[in-house]
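I opened my notebook today to look at pockets and the strands around them. Here is the structure I worked from.

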Amino acid sequence: VLDKSARSLTLYQRGEKVREYTVALGRNPVGTKTRQGDGRTPEGVYFIEGRNPRSKYHLSLRVSYPTRAQRARAARRGVSPGGDIMIHGLPPAFASVGALHRQQDWTEGCVAVTNDEIEEIWRSVPNGAWIVIRP
């Protein structure tokens, strides 16, 4: 469960809280993502649909945004819904910053954690796991 207002990502196993992380979000975090470039992190129910071991952000897990309905809504408005929403670590040039990266929201809509944290999440969260993103 990602609680955007609390900047927290909580992992659960069989309904029990396992671990909680403090995160950085998209640079414009209030509201749900509606189009490419809005700097927002989406809200809703998604799943982890893949992973990138060669991410420029250390490691990354792909969130299943946009849904079919979100693509249709964006098309009606004549915009791209965006995509490539990930839970990821830090780029090599900023890896030494560690937890200080959380002092501001800096992604294009992704969920950022430290490199140690993404390694832990990578090992713990399987493809297909649900992620609920709350405002």
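I sorted the lining of the second largest pocket by class and got four nonpolar, five polar and three charged residues. My classes count Ala, Val, Leu, Ile, Met, Phe, Trp, Tyr, Cys and Pro as nonpolar, Asp, Glu, Lys and Arg as charged, and the others, Gly among them, as polar. Among the lining residues I noted Lys56, Asp84 and Glu108, along with Trp106 and His88. This pocket holds about 250 Å³.

A pocket here is an open set of points on a 1 Å grid over the protein atoms alone, where a 1.4 Å probe fits, with protein on both sides within 12 Å along at least five of seven lines; lining residues have an atom within 4 Å of a point. Grid points are joined across faces, edges and corners, and the volume is the space filled by probe spheres set on them.

For provenance, I have a predicted model: local features need pLDDT of at least 70, side-chain atom pairs count only at pLDDT 80 or more, and totals for chains, interfaces and linings use all residues. Residues are numbered from 1 along each chain as its sequence is written, and side-chain values use heavy atoms, without hydrogens and water.

Next I checked the largest pocket, at about 330 Å³. Of its 17 lining residues, Leu11, Tyr12, Val125, Ala129 and Trp130 are the closest to the centre. Its lining has 14 nonpolar, three polar and no charged residues.

Which element gives the largest share of that lining? I found that S2 does, with five residues.

How values were computed:
Helices (H or I, at least four residues) and strands (E, at least two) are DSSP runs, numbered from the N terminus.
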